[in-house]
Amino acid sequence: MRLSRYFLPVLKENPSEAQIVSHRYMLRAGMIKQSSAGIYSWLPLGFRVLKKIEGIVHEEQMRAGHIPMLMPTIQSADLWQESGRYDDYGAEMLRISDRHGRDMLYGPTNEELITDIFRAHVSSYKDLPLTTYHIQWKFRDEIRPRFGVMRGREFYMKDGYNFDLTKEDALHAYNRHLVSYLRTYERMGLQAIPMRADGGPIGGDYTHEFLVLAETGESEVFYDSAVTDLSFGDRAIDYDNVEQCQGVLEEFTSKYARTDETHDEALFNEVPEERRRVARGIEVGQIFYFGTKYSEAMGATVQGPDGKPTPVHMGSHGIGVSRLLGAIIEASHDDKGIIWPEGVTPFHCGIVNLKQGDDEADAACNQLYAALTALGLEPLYDDRKERAGGKFATMDLIGLPWRITVGPRGLKNGVVELTSRRSGESEELSPEEAVKKIAAIYASHPSGRGF
């Protein structure tokens, strides 16, 4: 991508309506534009990051053996009436009627719809276990949408659903999701702590939320500081191995970590005083086991080994894909702008030409662009005829992790300047060495599949 041909409507001033860092920088970096309260258009830069995050989610779900599909945004009210949730869900549900007077709704979640699909096509325990998921737009009519994509009305979400014959099998699916979520968040440069949570309108009394610690978080959280020392890392995991998955769950949930809805002061006081922490957290995902709540209400049964109809055990598991952009920015920024982790950056590096129109500088930038692109990397080349200070400010604002600066003075010595956005440190390298270093960095930090 060449910046002279890209649509990047950056703002120099902070928008007055933005109350938190992520909302402010997403607007200033030209990532989103509000369409109406809590509803946004995703402009090219924001859309690229959204797709990178989506790619990581897909990769880790499929690694865990889960099957992607896609369900519609508009659902029939009949299914929700059948499950008993239509009247219980409340004013957050957008209820509509089609031209024939049929009651419909814009889906806030998909338990009913996936259960209907399951019961239509699966009839034997031999077809279990089964876990499917999709990534799709949802709508919840928040009474006070705020903080940009952190609390919007329309949002992009991964929701997955497991169907199992027994509670034990379903709890293994629960553990499998916990492991896959830990991998997912760490690939995005986040530490998301699994915390005992409340089931809410989804239901179930066995559930964990994944929260990223941040001052702007909507949830008050209580935790043992020892949980922040845990990291999944690049360890190998066999998702079919019940003991391995259970072991990871115990490792990451044995220390005290709860949201305010499930906080137990007596248990919290058992944590050594020097490790007790009270903070704010941003929810970026949640996993549920709710047993036969929906299968019994909606007749989702299979023929068991004894030949009798058996209601399946279910769980649902969500990741807030669009919300993650805000969470990542809240966790990774400075006073100049965003600092994207390598796994989700919209472009792998920026190329800044200090003297656009100079034959030697133009040729060197074009060669760098071609070399990086040939390696499967995606550079953003600032080829505008702007002052160097303005180019650097744009690169800092949009937060690309690495910048290659090219100018006539350096080229006389055969070098370009490679700068880390996170540390601010620079080094002079030959163009070939700079390309090799960028390639090596991303070999160890694979990003999600964007476009």
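The dialogue below treats a helix pair and then a sheet with its helices, all in a predicted model.

Q: At what angle do the axes of α5 and α6 cross?
A: One reads such a pair from its axes. Here the axes of helix α5 (residues 167-187) and helix α6 (residues 242-253) come within 9 Å and cross at roughly 60°, and α5 passes α6 in a left-handed crossing.

Q: Which residues in α5 and α6 meet?
A: Contact here means heavy atoms within 4.5 Å. On the α5 side the residues include His172, Tyr174, Leu178 and Leu182, and on the α6 side they include Val242, Cys245, Leu249 and Phe252. By class, the contact of α5 with α6 has 9 nonpolar, 4 polar and 1 charged residues.

Q: What is the order of the strands in the open sheet?
A: One starts from the pairing of neighbours. The 5 strands of this open sheet follow the order β20-β19-β21-β22-β23, and their pairing is mixed. Its edge strands, β20 (379-382) and β23 (426-429), each pair on one side only, while neighbouring strands are turned by 20° against each other on average, direction ignored.

Q: How many bridges join β22 to β23?
A: Strand β22 (residues 416-420) and β23 run antiparallel and are joined by 4 bridges; Glu417 has Glu428 in β23 as its bridge partner.

Q: Which strands do helices α10 and α13 touch or lie across?
A: Helix α10 (residues 359-374) lies across β19, β20, β21 and β22, and runs at about 165° to β19. Helix α13 (residues 431-443) packs on the sheet and touches β19, β21, β22 and β23, its direction making about 125° with that of β23.

Notes:
Residues are numbered from 1 along each chain as its sequence is written. This is a predicted model: local features need pLDDT of at least 70, side-chain atom pairs count only at pLDDT 80 or more; totals for chains, interfaces and linings use all residues. Side-chain values use heavy atoms; hydrogens and water are left out. Axes are lines fitted to C-alpha atoms, for helices over the stretch in contact, and angles run from 0 to 180 degrees between N-to-C directions. Helices (H or I, at least four residues) and strands (E, at least two) are DSSP runs, numbered from the N terminus. A crossing is left-handed if the near helix is turned anticlockwise from the far one by less than a right angle, and right-handed if clockwise. Ala, Val, Leu, Ile, Met, Phe, Trp, Tyr, Cys and Pro count as nonpolar, Asp, Glu, Lys and Arg as charged, and the others, Gly among them, as polar. Two strands pair if DSSP finds at least two bridges between them.
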